[in-house]
Protein chains: 2
Amino acid sequence: MIERIRTRISDLLQIRYPIMQAGMIWASGYKLAVACAEAEILGTIGSAGMNQELFRSQIRKAKALTKRRFAVNIPLLRADAAELLEIALAEGIEVIITSAGNPAVLGPRVRKAPGVLWIHVVPSVKHGLKAQDAGADIVVGEGFEAGGHNGVDEITTLALIPQLADALSVPVAAAGGIADGRGFLAAMALGAEGISVGTRFACTQESSSHPNYKQAVAAANDAATVLFAKRIAPVRAIRNPWVERVRQAEASGATREELEKVYGHSHSRKGILEGDVEEGELEAGQSCGLIRDVPKAAEVVRRFVEEYERDLDRIRRFQP
Amino acid sequence: MIERIRTRISDLLQIRYPIMQAGMIWASGYKLAVACAEAEILGTIGSAGMNQELFRSQIRKAKALTKRRFAVNIPLLRADAAELLEIALAEGIEVIITSAGNPAVLGPRVRKAPGVLWIHVVPSVKHGLKAQDAGADIVVGEGFEAGGHNGVDEITTLALIPQLADALSVPVAAAGGIADGRGFLAAMALGAEGISVGTRFACTQESSSHPNYKQAVAAANDAATVLFAKRIAPVRAIRNPWVERVRQAEASGATREELEKVYGHSHSRKGILEGDVEEGELEAGQSCGLIRDVPKAAEVVRRFVEEYERDLDRIRRFQP
């Protein structure tokens, strides 16, 4: 196995391979973050779905289990995003990932914290430039194929990453559609210096998601997910009866208020944490068709690297 | 420059590099097909937009200008697809590309023609398996980011290609989002053995598209296009006043009949051939943000190969 893959991102994050486990609602508690940190990639506790108390206790549990650095993810649409950030900084977290919002809001506070790295997730070049201007150290470009909440411009990872890499001077990581070494290598070919991986890590033993959710991801094919709820907040999940009801309401020209009624509340909790595969929001990316099992997170990392090496070798042989 | 890139696809098509110029409505007449064939990739005359007489004369003009093999593309939604195929076979065309339809319809006729290669374009694994079962020699997986007409499942190139490559035994080419050597290399990393490129070739000197169209593509950014007209036939084009009117009708829950009225007729001709950038359908992929000029087709091929080589070298240096 390749001893390390070295880029500006692996150097900044002090990790062996430039792989970041994405923060995901209900799926990325302290166990997953610790497992990934111990596998020498970036582990992340996702604060989405956690109240402030739980968030603090998750950080403390992780700290008790690993001496390695790990990150937290803070979605900027949270009303208490600033408080979550203060908790993370007070607990000594050195890598802050922000997403789903304006980087200028919490950026200045992160920049004032000495030695703290700031990663921001964007869906387009315009947002990437904003993040860089606000002082982000690393920009993650997340494509249309990614699971969970998504941008309105629907730019795919393959199209987004080279355009972001051309536009920015800070290093770019690729997110969306990546679940094996082929996607990892493709991301690097596109100009990324690392990858951020959600769905593949949501479907590991250490993920806090429900076994039914993991089963649904492992059984899904390439066409299983859909981006919907576009007039509320676009989100990609596995099709099920609840998703179809929301989509029918959308297609019939329902108002935002009517849609919010059909969309309801707590469906991501119901689906991902509680395992209701019919009525829950099973957030997952289009890469779920590449996922067939529920291994340990360290095994996922091992596969990423071994496949990366094997596929690089395969490509080389195209030149006689 | 790399002397050749050799895969099953380059071997089957007897070309130096496994690059296929896609057939595109109003943009890929005989001049572009000849220029690409002479550059030792697969050139293609796109029959979409041509009546049978024009199609035959375009093939003859190309044959008079090059001794190299070139392909024709036949969209299977054409009512006279069978007649177009007979014309192509009678004129001695040896590579038939079919798209936008059921491969079982014309497949048996193509298979009966001795020595003729058959390539079929698909948007999902399910359709890829159908094409392979029908006897296709090469399957092109076309992602959501591609310009022009597109599948309903909205699977992106990055997510689709490895899943197609796993499912099929025939070689797979990648289409959608590829406009430079980074995309070419990424496609090969994903498991493709070649690429099919539309928008980048639509924006060359030899393309029959209008200079205003080429200008619009070269000026467009990553977020410039949108997939719309989903209840008629999903198509990706550059946003303009006409596109916004169709999208507003869609969002208001219009019936298919009402939508067809707003969508109207001949907008692709108006946009791509006649250069009306406000009211025309400017079909283009999300890769248009990577396109900044209108070079010769041979120059596009040269860049693809040089960048492929340079980017492969860049990736290698990530391993110390």
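**The core and its surroundings**

Tutor: In the largest nonpolar core, which has 225 residues, the members that touch the most other members are A:Ile96, A:Ile195, B:Ile96 and B:Ile195. Such a core is a set of buried Ala, Val, Leu, Ile, Met, Phe, Trp, Tyr and Cys residues joined through C-beta atoms within 7 Å. A residue is buried if 20 or more other C-beta atoms lie within 10 Å of its own, exposed if 12 or fewer, and partly exposed in between, with C-beta atoms placed from the backbone. This is a predicted model, in which local features need pLDDT of at least 70 and side-chain atom pairs count only at pLDDT 80 or more, whereas totals for chains, interfaces and linings use all residues. Residues are numbered from 1 along each chain as its sequence is written, and chains are lettered from A and ligands numbered from 1 in the order in which they are written.

Leaving aside residues up to four places away in sequence, A:Ile195 touches A:Pro18, A:Ile19, A:Met20, A:Ala173, A:Ala174, A:Ala175, A:Ile178, A:Phe184 and A:Ala187. Contact here requires C-beta atoms, placed from the backbone, within 7 Å.

The domain assignment, automatic or from a database, divides chain A into domain 1 (8-209 + 292-316) and domain 2 (211-286). Taken over C-alpha atoms, the centres of these two domains of chain A are 23 Å apart. Between them, 22 residues of domain 1 of chain A are in contact with 17 residues of domain 2 of chain A. On the domain 1 side, strand E7 (148-149) and helix H9 (199-202) of chain A each supply at least two residues. Helices (H or I, at least four residues) and strands (E, at least two) are DSSP runs, numbered from the N terminus.

Turning to the two chains, their contact takes 45 residues from chain B and 46 residues from chain A. On chain B, the elements that give two or more residues to this side are helix H6 (125-134), helix H7 (157-167), helix H8 (181-189) and helix H14 (297-316). A rotation of 180° with 0.0 Å of shift along its axis superposes chain B on chain A, with an RMSD of 0.0 Å. The two copies are thus related as by a two-fold rotation axis. This superposition is by least squares on the C-alpha atoms of residues with pLDDT of at least 70 in both copies. Because 100% of the interface residues of chain B are also interface residues in chain A, the copies meet through the same surface.
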